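Let's take a walk through the pockets of this protein and then stop at one residue along the way. Keep the structure open beside you as you read.

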Amino acid sequence: MPTVSVVALSHTVVIFIDIDCILTFVPEIGDCQSQLRSNMMRIMAKKLLNNTRKLEHISRRSTRQKLLSYFTEQMNMHQSPAFDIPFTRQQLADYLAVDRSAMSSELSKMQKDGLIRYNLNHFELIPDSECIS
């Protein structure tokens, strides 16, 4: 069985379930088993989508391109050029696989260049800039 690393932000209970118990139909618990399968498929699909999005951002060459990719996605998700992100600066840097101080410097440059405005976790993409297409 492969080794799995997990980090919890709060007290967490972990349950290990043998995959054969989920895949093998047991009539006595059929409805519960079906619901469990459905829930697990939904979770796996969501994680796959999130990982695909993240890969899209981190595959960009520069920190600026990674930030613009992420911010454009957020703008589209919020259907607004202004949005709040769910990350601290360190969490955003970790998510985009960049150095936090270099990312902070790039954010300042992007604001100076008129691409974005930001305050803490609130960002706004500026219309007519290179990031809105």
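## The largest pocket

Helix 2 gives the largest share of the lining of the largest pocket, with 8 residues. The model you are looking at is predicted. Helix 1 (19-23) and helix 2 (30-58) each supply at least two residues of that lining.

The largest pocket holds about 680 Å³ of space. Of its 15 lining residues, Ile 15, Met 40, Ile 43, Met 44 and Lys 47 are the closest to the centre. By class, the lining of this pocket has 12 nonpolar, 1 polar and 2 charged residues.

## The second largest pocket

Now for the second largest pocket, with about 380 Å³ of space. Among the residues that line it are Lys 47, Asn 50, Arg 53, Tyr 70, Glu 73, Pro 86 and Tyr 95. Helix 2 and helix 3 (63-78) are the elements that give two or more residues to this lining, and the largest share, 5 residues, comes from helix 2.

The lining of the second largest pocket divides into 5 nonpolar, 3 polar and 4 charged residues.

## A stop at Pro 86

Where would you look for Pro 86? Pro 86 sits in the loop between strand 1 (82-84) and helix 4 (89-96). Its relative accessible area is 62%, so Pro 86 counts as exposed, the cut-off being over 50%.

Leaving out residues up to four places away in sequence, Pro 86 touches Tyr 70 and Gln 91. Asn 121 lies 35 residues from Pro 86 along the chain, with 7.3 Å between their C-alpha atoms.

How values were computed
Residues are numbered from 1 along each chain as its sequence is written. This is a predicted model: local features need pLDDT of at least 70, side-chain atom pairs count only at pLDDT 80 or more; totals for chains, interfaces and linings use all residues. Side-chain values use heavy atoms; hydrogens and water are left out. Helices (H or I, at least four residues) and strands (E, at least two) are DSSP runs, numbered from the N terminus. Buried means under 20% relative accessible area, exposed over 50%, partly exposed in between (1.4 Å probe, protein chains only). Contact means heavy atoms within 4.5 Å. On a 1 Å grid over the protein atoms alone, a cavity is a set of points where a 1.4 Å probe fits but cannot get out, and a pocket is an open set with protein on both sides within 12 Å along at least five of seven lines; lining residues have an atom within 4 Å of a point. Grid points are joined across faces, edges and corners, and a volume is the space filled by probe spheres set on the points. Ala, Val, Leu, Ile, Met, Phe, Trp, Tyr, Cys and Pro count as nonpolar, Asp, Glu, Lys and Arg as charged, and the others, Gly among them, as polar.
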